Amino acid sequence: MKDSFTSPDYYKIDSLLTEEHLLIRQAARDWVKKEVSPIIEDCAQKARFPSELCSGLASVGAFGPHIPTEYGGAGLDAIGYGLLMQEIERGDSGLRSTASVQSSLVMYPIWKFGSEAQKQKYLPKLATGELMGCFGLTEPDHGSNPGDMTTHFKDAGDHVILNGAKMWISNAPFADVAVVWAKNEQGRIHGLIVERDMEGFSTPETHNKWSLRASATGELLFQNVKVPKENILPEKSGLGAPLMCLDSARYGIAWGAIGAAMDCYDTALRYAQERIQFDKPIAATQLQQKKLAEMITEITKAQLLAWRLGVLQNEGEATTAQISMAKRNNVAMAVAIAREARQVLGAMGITGEYSIMRHMMNLESVITYEGTHDIHLLITGMDITGHNAFR
Ligand code: TGC
Ligand code: FAD
């Protein structure tokens, strides 16, 4: 099916963007239409990660959009980064996952907490996709509560010995490097850069997913892995370090989810105009108009939320709780729109001829990872009341 996507801009939000933002977005949109749309449905059906798209993701600036150019990043502002995530997730949430992980969860901690030698060694190659990375925080018994992780390392002279397991890790099956969060002997969390060929390190793939099928997910298993001390990120420790990375990735997801929602809305609008029942387009019926009108309203609200968050982020003013609100709202908005849009297409909506069902299934992961829908509500709740309702 030809990709005829046209982006909705009901409140003329484009007029709030710079020339550079529009160029970045157009380049990413053109790339998605040309390279992603023709193959992504087949990849999802076959549960295959399209590794052949990594160099294209790098070329549109999706690996390290907010990392300075001196380290190979694109050096964009927060809105440029957000627009890139939006366009890529318009193609598929799994591809956006790969970009989010590479940029916000691998390059960002190396850039923010790494030594100069670590930055020089890894960042330029991660920016081009020559090296691919993953981020290990979640464990089999510690998902929403990563602070209780049990993965740990012991001092052994010029290296440490790492043991433990991480689960549900995007990009794990093919990553060359993993940024892994583990506790030292005093129970303090540190970030370690683990390389694929280190002895005792394995990354079995997680199969049988109904969601993010074009993204590769796996475990990270560490059995007495010798990690050189020079691979420990020196500049920050404690749970706050991975949580800072999550702020960056959640910010991108707040924009990315708009892309998935736009694609569902655009598909449903076009279909409703073309599909004739009872001698008229279904778009001329009140019930379908209600669905479409509510979709464009919610997309517009989400666009404004993301744009304002982007301005705050550029000013260095965006808080964790504001990012949580945008991630939670915009992903839930996209989930609801995918469900409504699928109904507009009737039976055709369940087929791979259209992208909606794939987006719908993908978004079930997006609403769970990077902090579940519930966790983000509790973050907002704590922010406005001062009471911690997690524990
Ligand atoms: P809490 O006691 O609140 O905080 C622990 C320490 O961290 C500090 N801190 C932050 N620092 C910097 N930035 C932030 N955003 C920070 N938030 C908290 C805090 O001040 C404290 O510092 P200190 O010095 O006092 O120790 O932590 P908690 O254990 O109560 O947990 C809070 C909670 C539940 C909000 C947090 O654990 C959480 O966000 N849980 C959700 C886990 C999650 O989101 N996992 C995501 C895994 S990665 C992933 O899903 C990738 S998906 C692939 C893709 O991106 O596409
Ligand atoms: P749990 O924490 O067990 O939560 C189960 C349910 O309980 C949820 O509904 C939750 O909201 C609720 N709950 C938990 N605590 C509370 C509370 N205090 N009050 C009320 N309700 C609560 N992780 C990584 O580290 N790196 C990755 O690259 C990565 N990629 C992922 C890719 C995919 C496809 C998926 C699905 C997950 C990925 N994750 C990754 C893991 C993801 O971050 C976790 O799944 C998520 O944080 C939730 O943890 P959990 O699944 O263990 O659920």
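**Core, ligands and overall fold**

Modeller: This is a predicted model. The largest nonpolar core holds 102 residues, and Ile110, Leu126 and Trp181 touch the most other members.

Colleague: Which helix gives the most to this core?

Modeller: That is helix H6, residues 240-274, which gives 18 residues to the core.

Colleague: What does Ile110 touch, leaving out residues up to four places away in sequence?

Modeller: With those left out, Ile110 touches Gln118, Lys119, Tyr122, Leu123 and Leu126, and also Val179, Ile193 and Leu233.

Colleague: Turning to ligand 1, which residues come nearest?

Modeller: There are 25 residues around ligand 1, and Arg250, Thr320, Glu370, Gly371 and Arg391 come nearest.

Colleague: How much of ligand 1 does the protein cover?

Modeller: On its own, ligand 1 has 1200 Å² of accessible area, and the protein covers 70% of that.

Colleague: Now ligand 2: which residues are closest?

Modeller: Ligand 2 is surrounded by 17 residues, the closest being Thr138, Ser144, Trp168, Thr372 and Asp374.

Colleague: Where does Asp374 come in, with its side chain or its backbone?

Modeller: With its side chain: a polar side-chain atom of Asp374 lies 2.7 Å from an oxygen atom of ligand 2. Leu137 uses a backbone N or O atom, which lies 3.0 Å from an oxygen atom of ligand 2. A polar backbone atom of Phe390 is 3.2 Å from a nitrogen atom of the ligand. The protein covers 67% of the 980 Å² of accessible area that ligand 2 has on its own.

Colleague: Two single residues next. Is Arg90 buried or exposed?

Modeller: Arg90 counts as buried because its relative accessible area is 3%, under the 20% limit. Arg90 lies in helix H3, residues 78-91. Beyond residues up to four places away in sequence, Arg90 touches Asp3, Phe5, Val32, Lys33, Ser37, Gly259, Ala260, Asp263 and His359.

Colleague: And where is the place of Ser215?

Modeller: Ser215 is in the loop between strand S6 (201-202) and strand S7 (217-228). Ser215 is buried too, at 3% relative accessibility. Not counting residues up to four places away in sequence, Ser215 touches Phe49, Gly94 and Lys209.

Colleague: Stepping back, how many helices and strands does the protein chain have?

Modeller: The protein chain has 10 helices and nine strands.

Colleague: What radius of gyration does the protein chain have?

Modeller: The value is 21 Å. A compact globule of 391 residues would be near 21 Å, so the protein chain agrees with that. The C-alpha trace spans about 80 × 45 × 40 Å along its principal axes.

Colleague: How much of the protein chain counts as buried?

Modeller: Of its 391 residues, 55% count as buried. The chain exposes about 16900 Å², with 52% of it supplied by carbon and sulfur atoms. Among contacts with a separation of 6 or more, 75% join residues 24 or more positions apart.

How values were computed
Residues are numbered from 1 along each chain as its sequence is written. Chains are lettered from A and ligands numbered from 1 in the order in which they are written. Side-chain values use heavy atoms; hydrogens and water are left out. A nonpolar core is a set of buried Ala, Val, Leu, Ile, Met, Phe, Trp, Tyr and Cys residues joined through side-chain atoms within 4.5 Å. Buried means under 20% relative accessible area, exposed over 50%, partly exposed in between (1.4 Å probe, protein chains only). Helices (H or I, at least four residues) and strands (E, at least two) are DSSP runs, numbered from the N terminus. Contact means heavy atoms within 4.5 Å. A residue is near a molecule or strand if one of its heavy atoms lies within 4 Å of it. Accessible areas come from the Shrake-Rupley method with a 1.4 Å probe; for residues, only the protein chains shown count as cover. The radius of gyration is taken over C-alpha atoms; the globule rule is 2.2 Å times the number of residues to the power 0.38. A polar contact is a pair of N or O atoms within 3.5 Å; within protein, one must be able to donate a hydrogen and the other to accept it, and residues adjacent in sequence count only if both atoms are side-chain atoms.
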